[in-house]
Structures are given as C-alpha cells and as structure tokens.
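Student: I would like to go through this model and ask what stands behind the terms used for it.
Tutor: Go ahead; each term will be set against its cut-off.

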Amino acid sequence: MANVFSKRPVVITRGKGALVWDINGKEYIDCMGSYGVALLGHSHPKVVKAICQQAATLISCHASLYNEKRTEFLRKLIAIMPPGLNKAFLSNSGAESVECAIKLARKYTGKPEIIAVMGAFHGKTMGALSATWDKKYREPFQPLVPEFKHVQPDNLEKLREAITDKTAAVILEPIRGEGGIRVPPAEYLPGVREICNAHNVLLILDEVQTSFGRTGKLFACEHWSVTPDIMCLAKPFAGGLPIGITVAKEHIMSSLGLGEHTSTFSGSPLVCAAACAAIDVLINDRLADRAAELGGYFKSKLESLQAKHKIVKEVRGLGLMLGMELRYDVRNVIIKTLARGVLILEAGRNVLRFLPPLVIEKEHIDRVIAVLDEVLGEEESERQGSAVSD
Ligand SMILES: Cc1ncc(COP(=O)(O)O)c(C=O)c1O
C-alpha cells in the first residue's frame, strides 16, 4: 500500500461497540472510531444482519436500473434531512460528496468561484483539495482547480468582502474537524446564511464529520437553526461501508443533466441496506441524545484534566466531537495512550481529537480519562526534566 498513512504500531483484528482488539488479543477503547465512521460502534449486529441478508440477495445494481433497497434508503434519508433538502446523489466517500457539491454549485449558478475558510478540510481529490486549506496537502499538487479562495473563519465581514459577482457558493464545515475541533461563535452560521441569501450565493455545509448525531443533533447545522442549500455527508452513514452523499434542494439538484455526474457504485444495494439499518439504529436508539449527554460528561472530565495539567491549553467541542489542545505536539501522547489501551486521533499538531462511537459507555470514558491523566502527568514531568537539563 502507498506510504501515505501515518501508521500506529498496532494490528487491529476485531471490534464490538466502542472496543477493538489487536492481533494479540489486547483490548482498546476506540476514540478514533475509524476517523468518525464507526459511530454506531463496530460491527453493530443490526448492520451486520442487513449486510449479510443483502449480500445473499443482490450486491451490485447500477443506478441506471431501479432497486428497492436504494429507494428505501433514499426515503429514510430524506425523512431525517433538514426540510427542503430532498434530492440526493450517492457516491463513495466524503471527498466525492464535496466534488459533487462543487460541480452542482457551478452548474446551478453558472458561476465559477467557491469561497472556503482558512483551516478548512474538505478532502483530498482535486476539487475537494482546492477547498481544503492546509498547504502541506495542497502545495505538491498545484495547480489546483481555479477560482477557489479562502477567507478568515468566523469573520462575517471578511466573508462579505470576499463575495463577488463570480461567486457560486460558500463551503463550510459547521464545526471544523481537522482544523482542530473549532466551534464557531453563535452568530456566525446564521450570519453566513443571511449573507449568502442577500448575495444569491449558495451555502454548502460539509457535514461529513459532524452529522449523524455526532454533535448531539442529527446535523450540526441544527444547533444554529441554519439550513444549507447543499449538504455533504459520508463517514458513518452506511454503518461502516463506504458512502458519500450530496443532498440538495430539488431545484438545485435538477440543474444536473443526464450523465453530467455519475459513479459506477452510486447507491449499491449492499451499501444502501447497511445505510437503512444504520439510520434505523440512529433514530430508534436516540443516539444523538446519547451523544449530547455523554459528550457533556466526557467534556467535563477533559476540562477537569485541563484544570490539573498545565500542558493542556483548551478543551473544545460539541456532543461526542471533542478536542483537547495541548501546548506541545500530541504525537507522544497518542503513542503512550495507545500502549495503555486507548486509541485517540490528532487534529493538526497540537490537538487530541475524540470521535468515539456514540455507544461508548461512561465506564469507558472514565478509563480514557484515567489513562490520559497518567500520560499527561508523565509528559509534564518529562518536559520539566528536559527544561531543567536544558
Ligand atoms: C469535513 C470533511 N469533509 C470531507 C472529508 C473527506 O472525506 P473522505 O476521507 O471520505 O474522502 C473529511 C474526512 O475526514 C472531513 O472530515
């Protein structure tokens, strides 16, 4: 495999709920959640059953033919979407859902320019990468798609100034994930919506990481009562199988003509069966409410670590999308917690990111906090020691 993933020294072979086990049988609490995919927990029995049944019935069916599993999934999806978002294009990843949104915005408006924010992450295919901010991802691949620009985040004035008569759309993550778990001030998203309305510019919300109950609401935009014109979805929507979804208002999606945007695997019955089961579990088990409740608990525990350890700069997040910013690089902490049975993600150099399955138990959270407490304490005394010897 291409050497593009920063590997952790562990072989994972099995998972159940919020736990995974390595090849030696060692147990880990999974706060990585496969980068936010395993939101229902690993191998949820209802998703497994749906996949097995569908695999035995029909795995692939090109979207030029109808299929009742795809129809069932689309009905379930549109039933939970914010009102007005009622036409979907199905693909296979977050980046693909962004590609479709960009093409759709250009096609519908007839304009080329897309405005994103500094610190944004929207994926790594060429269009999505053009909206992504970090220069280490962008620079080796210049020239990117033209007519993209980035403005300061959380600043309505800068956004207003950036809009021109060439602007098709503004694209934003409601809470920036890769950018360090940044929750915007209360007035920001409603303000962006107003500016987009006033200038006839589309609002694309990239909810690839923030949707499906992760932040305590089905979609993060609901925290601010803002509905976009186009929404990008992916990661957890098919219970762990690859999926990307671009959902738009009908009059916008209908601007795409026959053949203008397709994909071989679009809406495969296997993925749609898994996604149907995933939505059922999400709604029936009230997982968004659980994320709000357990997220509050987890955040308060992280804040108590902040009070105790000077190395911790800030705790941020909503629901079970949490970040802890350290004053130093987090790599050591990640490796040390891994050795003690806790998987944690980074978000940039200094932020520990927690995207656990929403089925995580309080007892697991307590164990994560105990391990972090130990590791942060060690890091602090090691750094003090090296400061003295310096
Ligand atoms: C907000 C956001 N958009 C897009 C993507 C890209 O998704 P994928 O890696 O499935 O292409 C990600 C992935 O982390 C993401 O967090």
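Tutor: This is a predicted model. In it, 19 residues of domain 1 are in contact with 16 residues of domain 2.

Student: What makes two residues count as being in contact?
Tutor: Their C-beta atoms, placed from the backbone, must lie within 7 Å. By that test 19 residues of domain 1 qualify against 16 of domain 2.

Student: Which elements give two or more residues to the side of domain 1 that touches domain 2?
Tutor: Helix H11 (287–308) and the strands E11 (312–318), E12 (321–326) and E15 (351–354). H11 supplies the largest share, five residues. By class, this side of domain 1 has eleven nonpolar, five polar and three charged residues.

Student: Why is Gly216 called buried?
Tutor: A residue is buried if 20 or more other C-beta atoms lie within 10 Å of its own. Gly216 has 23, so Gly216 is buried.

Student: Where is Gly216 found, and which residues does Gly216 touch?
Tutor: Gly216 sits in the loop between E8 and E9. Leaving out residues up to four places away in sequence, Gly216 touches Ala288, Ala291, Ala292, Gly295, Leu318 and Gly319. Leu358 is 142 residues from Gly216 in sequence, yet the C-alpha to C-alpha distance is 9.7 Å.

Student: How do you know that strands E8 and E9 pair?
Tutor: Pairing requires at least two bridges between the strands. E8 (residues 202–206) and E9 have three, in the parallel sense, so they pair.

Student: In which sense do E9 and E10 pair, and over how many bridges?
Tutor: E9 and E10 (residues 244–249) pair in the antiparallel sense over four bridges. Here Cys232 stands opposite Thr246 in E10.

Student: What makes both faces of E9 covered?
Tutor: On one side of E9 (residues 230–233), Ile230 and Cys232 are buried; on the other, Met231 and Leu233 are buried.

Student: Why are the buried residues of H12 said to line one face of the helix?
Tutor: The buried residues of H12 (residues 331–339) are Val333, Ile334 and Thr337. Seen down the axis of H12, they fall within an arc of 100°, so they line one face. The face turned away from the buried side carries the exposed residues Arg331 and Ala339. After H12 comes Gly341, with a positive phi near 85°.

Student: What makes E1 and E13 edge strands?
Tutor: The open sheet has four strands in the order E1-E2-E3-E13, with mixed pairing. E1 (12–16) and E13 (342–343) each pair on one side only, and they are the edge strands. Between E2 (residues 19–22) and E3 (residues 27–30) there are three bridges in the antiparallel sense; Leu19 stands opposite Ile29 in E3.

Student: What surrounds the ligand?
Tutor: A shell of 15 residues, the closest being Ser93, Gly94, Ala95, Gly123 and Val208. Helix H4 (residues 94–109) gives the most to this shell, three residues. By class the shell has six nonpolar, six polar and three charged residues.

Conventions
Residues numbered from 1 in each chain as written. Predicted model: local features only at pLDDT ≥ 70, side-chain atom pairs only at ≥ 80, totals over all residues. Near = placed C-beta within 6 Å. Nonpolar A, V, L, I, M, F, W, Y, C, P; charged D, E, K, R; others polar. Buried ≥ 20, exposed ≤ 12 C-beta atoms within 10 Å, placed from the backbone. Arc of directions from axis to C-beta.
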